Amino acid sequence: MSDKVKEICEVINQRVIAKDIYSLQLKTDKIAKNAKSGQFVSLYCSDMSRILPRPISICDVDKSDGTLRLVYRVVGEGTEEFSHLRPHQEVVVIGPLGNGYPDRDQDKRAFVVGGGLGIPPMLYLAKSLKCDKNIVLGYNRELFLLDEFNGLGDLYISTDDGSCGTKGNVIDAIKENALKGDVIYACGPMPMLRAIKAYALEHNIDCYISLEERMACGIGACLGCVCKSSKKDEHTNVNNKRICTQGPVFLAEEVQI
């Protein structure tokens, strides 16, 4: 039975944390209680001309007080509308949606790798994992959320211009610091995920990646967010997987990227 619900959530606070990037905290009755790292929610616009909800990954969860934190970039009319939400206003949310990151053995050392807007979903994962962690974050613009990862694991940074940490990308940071691990969890732009998948194959490490794609229904009905899969999908009998329901987190070897 699915844990997803549709409910009216109250805005607790919202603030700008980088250029065009917002941190939105919501009070929920059930969504926060059921949310897992790597899942997402979909927010509905109040402007009825925008029929489809906007999917946003879950950045953090506080199950004790029923709050949900979302970090998103303004990229269109829907997210522009959300950026004007203020405390005590309400927004309709459905979630939690999709499959998140799996639990693994606590005696393993994990790579937690985020790049760009793939960094926010890794915060709750880093808090949830009980094992030792190498947290590797890649930035190409402003640094954001960086201080919130302090104390959650061994933290390493890469930046395009070398202004902080390793100059280059997350793979460069892993190699420069000679990092080792038993499992990889990653979220970020597609070139980063391709490099992470190749690194995992080369080192024979299990690797879980979170894919992003434009979504319509968010519940697997429209097939608008499929990706190529290594094996045939039982639902469609073709080589694809629905990111909104079978993902967004996949074992890297299951998908072609």
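Buried means under 20% relative accessible area, exposed over 50%, and partly exposed in between, with a 1.4 Å probe and protein chains only. Strands are DSSP runs of E of at least two residues, numbered from the N terminus. This is a predicted model, in which local features need pLDDT of at least 70 and side-chain atom pairs count only at pLDDT 80 or more, while totals for chains, interfaces and linings use all residues. Residues are numbered from 1 along each chain as its sequence is written, and side-chain values use heavy atoms, with hydrogens and water left out.

**Strand 3**
- In a regular strand the side chains alternate between the two faces of the sheet.
- Strand 3 (residues 40-43) is covered on both faces, with F40 and S42 buried on one side and V41 and L43 buried on the other.
- Strand 3 runs antiparallel to strand 4 (residues 54-62), joined by 4 bridges; two strands pair if DSSP finds at least two bridges between them.
- F40 has S57 of strand 4 as its bridge partner.
- Strand 3 also pairs with strand 6 (residues 90-97), antiparallel, over 3 bridges, and there L43 has V93 as its bridge partner.

**Cysteines**
- The structure holds 0 disulfides, a disulfide being a pair of cysteine sulfur atoms within 2.5 Å.
- C9 is buried at a relative accessible area of 0%, and C45 is buried at 8%.

**Cavity**
- A cavity is a set of points on a 1 Å grid over the protein atoms alone where a 1.4 Å probe fits but cannot get out; lining residues have an atom within 4 Å of a point.
- There is 1 cavity of 30 Å³ or more.
- The volume of the largest cavity is about 100 Å³, taken as the space filled by probe spheres set on the points.
- Its lining includes K19, R73, R141 and E142.

Notes
On a 1 Å grid over the protein atoms alone, a cavity is a set of points where a 1.4 Å probe fits but cannot get out, and a pocket is an open set with protein on both sides within 12 Å along at least five of seven lines; lining residues have an atom within 4 Å of a point.
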